[in-house]
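Student: I have a structure open here and would like to go through it. Can we take it piece by piece?

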Amino acid sequence: QVQLVESGGGLVQAGGSLSLSCAASGRILSSNAMGWYRQAPGKQRELVARITSGGSTNYADSVKGRFTISRDNAKNTVYLQMNSLKPEDTAVYYCNLAQAPRTYWGQGTQVTVSS
């Protein structure tokens with residue numbers, strides 16, 4: 001089975017930056033997609049960014065131009081560089097690994113942006 005461990009969350013002021021990391025272990029297939037989702041209290045979990053093992057990326061419109069997703073396939077690790085953070089970015093951020101036939105989730109890391 002697969003385990004995902006996130007790190008890098010914390011408290012930052014508006015306009016600041018944070019970097020998140022997620023390391024996957026277990027049975028990781030060579031073809032997969034890794035991404036970040038977030039969920040704020042009372043809100044639905046939403047896709048933030050996703051990247052395939054081939055390097056194709058997708059971003060939520062709300063983070064385009066501010067966040068950058070990247071990965072190291074050799075380490076099965078995905079990163080999220082978050083710049084120009086806004087209070088509305090405050091949420092629990094979850095790492096996700098999608099590989100047939102299912103998806104896997106990390107435990108989440110809290111990101112809080114103060115103003």
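**Strands and a disulfide**

Tutor: β9 and β11 pair in the antiparallel sense, over three bridges. Keep in mind that this is a predicted model.

Student: Which residue stands opposite V111 in that pairing?

Tutor: A91 stands opposite V111 of β11.

Student: What else does β11 pair with, and in which sense?

Tutor: Strand β2, residues 10-13, pairs with β11 in the parallel sense over four bridges. There, G10 has V111 as its bridge partner in β11.

Student: Where do the side chains of β11 point?

Tutor: They alternate along the strand, which covers residues 109-114. T109, V111 and V113 point to one face and are buried.

Student: Why would they alternate?

Tutor: In a regular strand, side chains alternate between the two faces of the sheet.

Student: New topic. How many disulfides are there?

Tutor: The count comes to one disulfide. C22 is joined to C95, with an S to S distance of 2.0 Å.

Student: And what kind of bond is that, in general?

Tutor: A disulfide is a covalent bond between the sulfur atoms of two cysteines.

Student: Is this one left-handed or right-handed, and why?

Tutor: The torsion about the S-S bond of C22 and C95 is about -85 degrees, so the disulfide is left-handed.

Student: Which strands hold the two cysteines?

Tutor: C22 lies in strand β3, residues 18-26, and C95 in strand β9, residues 91-99. The pair therefore ties together parts that are 73 residues apart in sequence.

Student: Is C22 buried or exposed?

Tutor: C22 counts as buried, because its relative accessibility is 0% and the cut-off for buried is under 20%. C95 is also at 0% relative accessibility, so C95 counts as buried.

Student: Back to β3, then. What is the strand order in the open sheet of four strands?

Tutor: The order is β1-β3-β8-β7, and the pairing is antiparallel.

Student: Which are the edge strands?

Tutor: β1 (2-7) and β7 (67-72) are the edge strands, each pairing on one side only. From one strand to the next, the twist averages 15 degrees.

Student: How many bridges join β1 to β3?

Tutor: Six bridges join these antiparallel strands, β1 and β3. Among the residues involved, L4 has A24 in β3 as its bridge partner.

Technical notes
Residues are numbered from 1 along each chain as its sequence is written. This is a predicted model: local features need pLDDT of at least 70, side-chain atom pairs count only at pLDDT 80 or more; totals for chains, interfaces and linings use all residues. Side-chain values use heavy atoms; hydrogens and water are left out. A disulfide is a pair of cysteine sulfur atoms within 2.5 Å. Buried means under 20% relative accessible area, exposed over 50%, partly exposed in between (1.4 Å probe, protein chains only). Two strands pair if DSSP finds at least two bridges between them. Axes are lines fitted to C-alpha atoms, for helices over the stretch in contact, and angles run from 0 to 180 degrees between N-to-C directions.
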